[in-house]
Amino acid sequence: MNNVILIGFMGSGKSSVGRFMTQFDYKLIDTDDYIEKKYNRKISDIFEKDGEPVFRKMETQVLSELLEEKAQRVVLSVGGGLPMTEANRPLLKKFGRVIYLKAKPETLERRLAKDTSRPLLQGGNLHDKIVTLMGKREKVYEQLADVVIVTDHRSFEEIYRQIEEML
Ligand code: S3P
């Protein structure tokens, strides 16, 4: 098993680190992109028209499909809320090594300030939303992870080197 799964809050750098890893022969699969392509819909549209629970079911479905493919040398970047569905946790563990990309709320806030694509962060005070949601998620991320990597002020190269060391 040589797959890597990147978990963490929105804006923690999962997709960017995943993209960086493609130059080292990893195949990047991003669960959000996968869902958008499979259902030919934007995540924001799914949230708006069907609601979050439907999106969460799609995430579990996609994860099961990916597991069946028995892919190798994949870096799987998963949506920030995917690990919060309990049924997904053993599936992630089965898929490969789970890496939590951790970042401070201030860092996330800076990166997400202009974002309009993430339904859970629209409207209201961004800082409060991040802190509240992080409070509900952080323990799960930490317990699930085989490795925690702090990403504040780190380049993709540094983060990748740390991942490689731990594999
Ligand atoms: C979500 C994170 C998003 C996306 C959706 C919900 C979340 O993915 O799945 O907007 O609940 O944290 P990213 O973490 O890639 O932004």
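**Basis.** I worked from a predicted model, in which local features need pLDDT of at least 70, side-chain atom pairs count only at pLDDT 80 or more, and totals for chains, interfaces and linings use all residues. Residues are numbered from 1 along each chain as its sequence is written, and side-chain values use heavy atoms, with hydrogens and water left out.

**Ser12.** I located Ser12 in the loop between β1 (4-7) and α1 (14-21); helices (H or I, at least four residues) and strands (E, at least two) are DSSP runs, numbered from the N terminus. Ser12 has a relative accessible area of 3% and is therefore buried (under 20%; exposed is over 50%, partly exposed in between; 1.4 Å probe, protein chains only). Leaving aside neighbours within four places in sequence, I found Ser12 in contact with Leu101, Leu108, Arg111 and Thr151 (heavy atoms within 4.5 Å).

**Aromatic pairs.** I noted six aromatic pairs in the structure; rings of Phe, Tyr and Trp (its six-membered ring) pair if their centres lie within 6.5 Å, and planes under 30 degrees apart count as stacked, over 60 as edge-to-face and the rest as tilted. Phe24 and Tyr160 are stacked, at 4.2 Å centre to centre and 5° between the planes. Phe24 lies in the loop between α1 and β2 (27-30) and Tyr160 in helix α8 (residues 156-166), so this pair ties together parts 136 residues apart in sequence. I recorded Phe24 as partly exposed at 23% relative accessibility, and Tyr160 as buried at 3%. Ring pairs link Phe20, Phe24, Phe156 and Tyr160 into a cluster.
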